[in-house]
Amino acid sequence: MKKSLRNLVLLLLVAPFLMQCATQTEVEELRYQLRIVNKKIDDMRSTTVGQLQKGQAATTGQLDQLEQEILTLRNQLEDTYHLNQRLSEQNKELETAISTVAQEEAVKREQAMKRLEELEREKEAKLAEINQQLQQQQENVKAIQQARLKEAERKAQEAALAAEMARSKTVAASNEVRGSGPIRLTAEQKKSVRDLTAEAPQPPAAPVSPSPQPTSPSPAVEETAQQAAPAAEPPPAVVAPVVADPLQDAYSRAKLLFDGGKYGDALVLFEQVASEGSGDEAIEGRFMTGEALFNMKEYDKAIMQYQKIISQYPSHDLSPAAMLQQGIAFENLADKDTAKVIYRKLLSRHGAAPEASQAEERLGKL
């Protein structure tokens, strides 16, 4: 198309020169060719240029659509960028909040651990104080028992002295009645008379019948009677009966009273076994003393009895039972922190004992 236009322009430029030298026929032919060229140019304008314009219009519409899509994408990218910024800021705030909360929780945990350690130290000090009180109470009980023993010995001596004086008066009175006159006995004679009176059975009194007043015998008759009288035989040896163990008997009677719900009466006998017994007998008496006090709801006193077993006999079979009962007593006194400490000690010291499972169960409920 460009080539044709160029040829047409050349012809138009050259046409004046050619007209001067060309013939009329040639001029007509040139005009005819020019008309053909113009017609082709018009046809080209009507077809090619229209198609180009239509294509250009379509391309313009596509460009507008692309520009619109690009604008939409740009807006979406801007929104996404702003959203990312907000999310980043929120993440920073969350990180700061989480860090702050973590630090606060760490401080709280540290304070709680310190408080727990202080509570454990206080409980240990309290247990040590209880041990000291128990030792002091034991010393006081021993002093009271010794005072009671001395008082009982004093009373026994007074009773024996009173009985001895009564016997001496009885012997003196019997001698006076027999008519031999008042006889003053020495201390040794009084003792022998007392022994004979205590050991020999008293003969039954003879019936009194009226008889003439006897005359006093002469000295010769008295001497003959004394020689004819046989010598007094020594009293037979007294065989001491076989007596059962009094502490064992006291423990059996206390157990019967305890099983019958008479905890106060059983407590007295259990304390006797615990204070006067030895070995396993004394330990069982001490434990049952605590059990009696526990059932009487005297939890403070029961704790002190259990503590004696725990501190003095830590390897005994009753030690874990005493620790378990001590923890339950503290629970009943609403002191759950001390109960937890005791249950943990029971699990650490006597983990294989049957009471350990009960302690673990009770610890899980606190």
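Student: How do α6 and α7 cross, left-handed or right-handed?
Tutor: The crossing of α6 and α7 is left-handed. Left-handed means that the near helix is turned anticlockwise from the far one by less than a right angle; clockwise would be right-handed. Keep in mind that this is a predicted model, where local features need pLDDT of at least 70 and side-chain atom pairs pLDDT 80 or more, while totals for chains, interfaces and linings use all residues. Residues are numbered from 1 along each chain as its sequence is written, and side-chain values use heavy atoms, without hydrogens and water.

Student: What's the angle between α6 and α7, and how far apart are their axes?
Tutor: About 155 degrees, with the axes 8 Å apart. Axes are lines fitted to C-alpha atoms, for helices over the stretch in contact, and angles run from 0 to 180 degrees between N-to-C directions. α6 covers residues 263–276 and α7 covers 280–295. The two are therefore roughly antiparallel. The cut-offs: under 35 degrees is roughly parallel, over 145 roughly antiparallel, 65 to 115 roughly perpendicular, and the rest oblique.

Student: Which residues make that contact?
Tutor: From α6, they include Tyr263, Leu267 and Phe270. From α7, Gly285, Met288 and Leu293 are among them. Contact means heavy atoms within 4.5 Å.

Student: And α7 with α9, roughly how many degrees there?
Tutor: They cross at roughly 20 degrees, and their axes come within 11 Å. That makes α7 roughly parallel to α9. This crossing is left-handed. On the α7 side are Ile283, Glu284, Phe287, Glu291 and Phe294. They meet α9 residues including Leu318, Ala322, Ile328 and Asn332.

Student: Zoom out. How many helices and strands in the protein?
Tutor: 11 helices and 0 strands. Both are DSSP runs numbered from the N terminus: helices are H or I with at least four residues, strands E with at least two.

Student: What share of the residues is buried?
Tutor: 21% of the 366 residues. Buried means under 20% relative accessible area, exposed over 50%, partly exposed in between, with a 1.4 Å probe and protein chains only.

Student: What does the accessible surface come to?
Tutor: About 27700 Å², with 56% belonging to carbon and sulfur atoms. Areas come from the Shrake-Rupley method with a 1.4 Å probe; for residues, only the protein chains shown count as cover.

Student: Back to α9. Gln326, buried or exposed?
Tutor: Gln326 counts as buried, at 3% relative accessibility. Helix α9 spans residues 318–332. A polar atom of the Gln326 side chain lies 3.3 Å from the backbone oxygen of Ile303. Beyond neighbours within four places in sequence, Gln326 is in contact with Ile303, Tyr306, Gln307, Ile310 and Ile342.

Student: What about Ser319, buried or exposed?
Tutor: Buried, because Ser319 has 1% relative accessibility. Ser319 is also in helix α9. Setting aside neighbours within four places in sequence, Ser319 touches Ile309, Ile310, Tyr313, Pro314 and His350.

Student: Now the loops. What's the phi of Lys297?
Tutor: Positive, about 65 degrees, although Lys297 is not a glycine. Most residues other than glycine have a negative phi. Lys297 sits in the loop between α7 and α8. At 60% relative accessibility, Lys297 counts as exposed.

Student: And Ala334, where does that lie?
Tutor: In the loop between α9 and α10. Ala334 has a positive phi of about 65 degrees. At 65% relative accessibility, Ala334 counts as exposed.

Note on methods
Polar contact = N/O pair within 3.5 Å; in protein donor to acceptor, adjacent residues only side chain to side chain.
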